[in-house]
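Subject: Structure handover

Hello,

Here is the structure I said I would pass on.

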Amino acid sequence: MKLRWTALAEENGLLLRTFLSHHHVSKRLLAAIKFSGGEIRVNNHVENVRYKIVTGDIVTVQTPIEQENESLIPEIGPLKVIYEDDFLLIVDKPAGVASITAQYHPTKTMANFIKGHYYSKGENQAIHIVSRLDKDTSGIMLIAKDRYSHARLSELHQQGLVKRSYRAFAKGRIETKSPIIEPIGRQDGSIMVREVRSDGKYAETHFEVLERHKEWTDVAVELKTGRTHQIRVHFQHIGHTLMGDDMYLGDMSEIQRQALHSEKLTLIHPFTDEEMSFHCEVPADMQVMLDRL
């Protein structure tokens with residue numbers, strides 16, 4: 001990955017190290033450039049971080065080549081690209097596809113399909129999944145295409161500048177007010193199932209009721225934390241398990257997987273600082289439930 005900036009008047013006289021820090025090049029990435037390949041150039045001349053910036057300087061950073069996961073098999077699959085540039089890949093994940101490989105599903109995952117997508121374009125790089133979704137959750141997934149973007153997106157997320165909104169159909173008529181703030185941890189004796197428990201990790205879920213129907217409630221959900229199964233566990237805790245969520249004893253009469261969809265994403269672009277927003281319509285199985293009304 002090559003990063004490029006033109007020094008502005010207000011950056012005149014800055015040490016190159018400080019200039020790069022202002023452009024979100026971390027100390028860790030600088031160390032990787034120094035010891036693992038890559039280089040820093042000013043006006044096409046290699047410079048060290050003690051160089052003093054002059055207005056109009058063209059600064060380029062060539063980041064080290066990342067070692068891809070060679071055991072990950074590239075596959076061509078159902079990868080619906082919503083947006084892509086040199087820094088970001090945003091895709092619409094179908095329900096029923098795992099985000100990453102595991103012992104019992106080493107293929108047919110989003111990671112396999114993303115690697116296949118890169119290979120089809122002649123790209124050979126590591127995969128940085130920023131927003132992982134449960135296997136049976138559909139919708140927007142955010143992937144960083146390099147370590148610089150991944151680190152920057154993590155920073156932006158901590159600042160509340162990467163926001164995801166979900167659509168969920170929960171059993172019953174929800175009258176409870178948002179937010180749900182309850183700690184979540186593993187259920188005793190299980191490696192998968194989570195529950196609200198006093199020794200769990202802090203978890204905060206905000207939601208807005210969109211419409212109450214006879215048997216279930218349509219809600220928009222925004223996470224303030226990112227615990228495993230957070231939305232599913234919190235709604236079960238308040239007595240409104242998601243429709244179709246068999247792991248948490250949900251009603252399976254209308255849909256055969258948890259009715260949960262990653263619907264909206266807003267973020268600040270990791271390189272351009274542009275505010276961006278994306279929307280992904282609910283998939284067919286959730287739309288069928290809406291159409292029945």
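Why does Met 247 count as partly exposed? Met 247 is put in that class because its relative accessibility is 31%; buried means under 20% relative accessible area, exposed over 50%, and partly exposed in between (1.4 Å probe, protein chains only).

This is a predicted model, in which local features need pLDDT of at least 70 and side-chain atom pairs count only at pLDDT 80 or more, while totals for chains, interfaces and linings use all residues. Residues are numbered from 1 along each chain as its sequence is written, and side-chain values use heavy atoms, with hydrogens and water left out.

Met 247 sits in the loop between α5 (230-237) and β15 (260-268); helices (H or I, at least four residues) and strands (E, at least two) are DSSP runs, numbered from the N terminus.

The largest pocket has a volume of about 820 Å³. A pocket is an open set of points on a 1 Å grid over the protein atoms alone, where a 1.4 Å probe fits, with protein on both sides within 12 Å along at least five of seven lines; lining residues have an atom within 4 Å of a point. The volume is the space filled by probe spheres set on the points, which are joined across faces, edges and corners. α5 gives the most to the lining of the largest pocket, 3 residues.

The second largest pocket has a volume of about 280 Å³. Its lining takes its largest share, 5 residues, from α4.

Regards
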